[in-house]
Each structure stands twice: as structure tokens, then as C-alpha cells.
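This briefing covers a ligand site and a pair of helices. Please look at the structure below before reading the points.

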Amino acid sequence: MIRSILALINKSDVIIEVLDSREPDLTRSRKIENFVMRKKKRLLIVLNKGDLIPLEVLQKWKEYIEKNDGIPTVYISATNHLGTKILRDKIKELLAKREGKALLVGYPKTGKSSIINALKGRHSATTSKFPMSSGYTKAVQLFRIDSRLYVWDTPGIIPPDGNELERVIRGINVDKLEDPVKAAKLLFDRIQEFNTNTIKEIYGLDFSDFYDFLNKLALKRGWIYKTSKEPNIDEAAKTLIRDYHDGKIIYYSYPPDVMTDDKSSSI
Ligand SMILES: Nc1nc2c(ncn2[C@@H]2O[C@H](COP(=O)(O)OP(=O)(O)O)[C@@H](O)[C@H]2O)c(=O)[nH]1
Ligand SMILES: [Mg+2]
């Protein structure tokens, strides 16, 4: 899996690493970043799902990544088509005067396909294949998104790795989870740590704890086992994770060494 990404990186000029703005740190792949650097390719970080985060926090993450790692960073909302012009311009800037190919990479559910669609936009009717791409497999095609800019139609998908919480944040397929309730508990605790209201607001539920939440969500949606009449909490757990992946749950954190205004004023 990873090998096919590395092969595509070798054939590209600019690599666009797509992160989830809610969890920029946990959705970064240092492995991929290091490989890109070693190959002397240009790297661009995109903080996607920016519609879920205050602008000022996006700006802080951008500054943090640019200062700490020296990687140019832009923030966008692929689904709201916000920031896509800035993204396009930034890719072209990195290409300098040349013609080139861009590859999107990232963990599942960070929004790679949505970004490709946003980049193709209304010009998609006029996209044409890269003249030199005939030798490549049919599954991966280059599309022209600008006079001198091509993008691979298929992104590089990084398989979710790390501990259980990290794998959930990194877009693991919920149907492959052995214990969705356990995985959802980790995500629930993480979300609550940063925003204690978001789950209550999104589901319109009042609950005392995680298990109470699962029970109430299952009952509200009518997910009840026929024989035992018990609420199907597995389905509720999967729903929380799916909704998180689909960008429906709002929370954010600040980058490590940037204080919030509240904290800095108390020093
Ligand atoms: N709120 C929000 N959701 C997004 C955004 N971009 C993608 N999504 C959602 O995130 C999910 C995964 O997006 P997709 O493009 O399929 O991700 P991929 O797996 O990286 O290709 C989908 O439900 C999208 O609708 C965004 O900018 N904002
Ligand atoms: Mg995709």
C-alpha cells in the first residue's frame, strides 16, 4: 500500500499532505514527510475541514507548522469550496515557472477526494490527460487543473497506524473495528476534552456519561435489538465515529507552544 504511494511521489513534483484541522498533529505522517524531503520534492500541507475551526486557530496552526517545520501550509474547506484558489496558487508558486504534477496524500477521511473535486471544479469538463501519462496504469490518471498544473486523480492513502485512538482519528474503517464501543469511548473522551458541548448539540441529547449517550442515541434512532429489546449501542458507537470522519463534530485545539489569549494574559 505504502509502496504505491512512494512510487507516485517519485513521479510527482509537489506533494500535498492533507490534514484534518481538528487534529493536525495526529493526522500528519512524518514517515511520508521524511520520504518527500529525502526525494527533494516540494511539500505543501493543507489543513482541511477548516469550516469546523475558528479562523484564528487555523492561522495559528499554519504559523506553527511553517515556523517549526518550514513546510508551507494553507487552510481550506473542501466541501465549502473555501480557500481553493489560495491552494491552487500556492501549488503553482511551488512549481515556480515549470509545468508539473501534484499528488495528494493523507490518511483516509481527511478530505483528499473532496479537494481533488474542488480543484477540478467547474473546469472538470475541460480537464485533459497529461501527455506523458499514457504509460501509467489506467487506474491513476493525471488531470489538468491549470495551464501548467496537473493533479493525480487518485490520492495516496496512508493506512491508519498508531494506537487505537490514533487509528480512529486517522480514519480507520468503522466496519473493521473489533470493538466499536471501546474505540468510540476513546474518541468521545478526546472530543469532550476540547469541547464539552459539541456532542450534546449535534445529537440534541442530554447525557450523564458515554454509556448513557450511546443508550440514548440508540433509543432516539430506534436502534433496538428485536429479541432482547436492548438498545444497539454498537450502532451508536459506529455512528459517532462515522460522523466524526464526515466532519460533523466540531472541536479544536491550539498548537503546542501557542497560548490562547486568555492564558497569555495571565502570565
Ligand atoms: N466539514 C467538512 N467535511 C469535509 C470537508 N472535506 C471533506 N469532508 C467530509 O469528510 C469525509 C471524507 O471526505 P473524502 O473527500 O471522501 O476524504 P478522503 O477519504 O480523504 O478522500 C466526507 O464525509 C466529506 O464530506 C471539509 O472541508 N469540511
Ligand atoms: Mg477518497
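H1 and H2 are roughly parallel to each other, because their axes cross at roughly 30° and angles under 35 degrees count as roughly parallel. The model is predicted, and the values below are computed from it.

**Helix pair**
- Helix H1 spans residues 2-10 and helix H2 spans residues 30-38.
- The axes of these two helices come within 11 Å of each other.
- The crossing of H1 and H2 is right-handed.

**Shell around ligand 1**
- Ligand 1 is surrounded by 17 residues.
- The closest residues are Asp51, Lys109, Lys112, Ser114 and Asp246.
- By class, the shell consists of nine polar, five charged and three nonpolar residues.
- Helix H5 (residues 112-120) supplies three residues of the shell, the largest share.

- An N or O atom in the side chain of Asp51 lies 2.6 Å from a nitrogen atom of ligand 1.
- An oxygen atom of ligand 1 is 2.8 Å from a polar side-chain atom of Ser113.
- At Gly247 the backbone is involved: one of its polar backbone atoms is 3.3 Å from a nitrogen atom of ligand 1.
- Ligand 1 taken alone exposes 580 Å², and the protein buries 81% of that area.

Technical notes. Residues numbered from 1 in each chain as written. Chains lettered and ligands numbered in written order. Predicted model: local features only at pLDDT ≥ 70, side-chain atom pairs only at ≥ 80, totals over all residues. Heavy atoms only, no water. Near = heavy atom within 4 Å. Polar contact = N/O pair within 3.5 Å; in protein donor to acceptor, adjacent residues only side chain to side chain. Areas by Shrake-Rupley, 256 points an atom, 1.4 Å probe, with all protein chains shown as cover. Helix = DSSP H or I, 4+ residues; strand = E, 2+ residues; numbered from the N terminus. Nonpolar A, V, L, I, M, F, W, Y, C, P; charged D, E, K, R; others polar. Axes fitted to C-alpha atoms, helices over the stretch in contact; angles between N-to-C directions. Parallel < 35°, antiparallel > 145°, perpendicular 65-115°, else oblique. Left-handed = near helix turned anticlockwise from the far one by under 90°.
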